[in-house]
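Welcome, and please take a moment with the sequence and the model below.

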Amino acid sequence: LIEVFDFAGRRLWMHQGHGRSDTGQFLIPWNLSVGSGHGRISPGVYLYRATLRVGNSTQVTKSRKLVVN
């Protein structure tokens, strides 16, 4: 699960999918569209959160800053 938020805490975009990576990388395309695809996010600083699940029990969540020019 990947989620992008503004600093007010509003979720602007989300992608949930399943996959496997032998290299430790998993690419998820995003065209900077907002939610339903109507419009794009403005340049600025946002937060993204990635939640990864391994099997049925292990969950790892990381949050980082995202800068859009």
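## Fold

Reading from the N terminus, the elements of the protein chain follow the order β-β-β-β. That amounts to four strands and zero helices. Please keep in mind as you look around that this is a predicted model.

## Dimensions and surface

How far does the C-alpha trace of the protein chain extend along its principal axes? It spans about 35 × 20 × 20 Å. The protein chain has an accessible surface of about 5,600 Å², and carbon and sulfur atoms contribute 50% of that area.

## Burial and contacts

The protein chain has 69 residues, and 19% of them are buried. For the contacts, consider those in the protein chain with a separation of 6 or more: 32% of these join residues 24 or more positions apart.

## The largest pocket

Now for the pocket. The largest pocket has a volume of about 660 Å³, and 19 residues line it.

Which strand gives the largest share of the lining of the largest pocket? That is strand β3, spanning residues 44–54, with five residues in the lining. By residue class, the lining of the largest pocket holds ten polar residues, seven nonpolar ones and two charged ones.

Methods:
Residues numbered from 1 in each chain as written. Predicted model: local features only at pLDDT ≥ 70, side-chain atom pairs only at ≥ 80, totals over all residues. Heavy atoms only, no water. Helix = DSSP H or I, 4+ residues; strand = E, 2+ residues; numbered from the N terminus. Buried < 20%, exposed > 50% of the residue type's maximum accessible area, 1.4 Å probe, protein only. Contact = heavy atoms within 4.5 Å. Areas by Shrake-Rupley, 256 points an atom, 1.4 Å probe, with all protein chains shown as cover. 1 Å grid on protein atoms, 1.4 Å probe; cavity = no way out; pocket = protein on both sides within 12 Å on 5 of 7 lines; lining within 4 Å. Points joined across faces, edges and corners; volume = space filled by probe spheres on them. Nonpolar A, V, L, I, M, F, W, Y, C, P; charged D, E, K, R; others polar.
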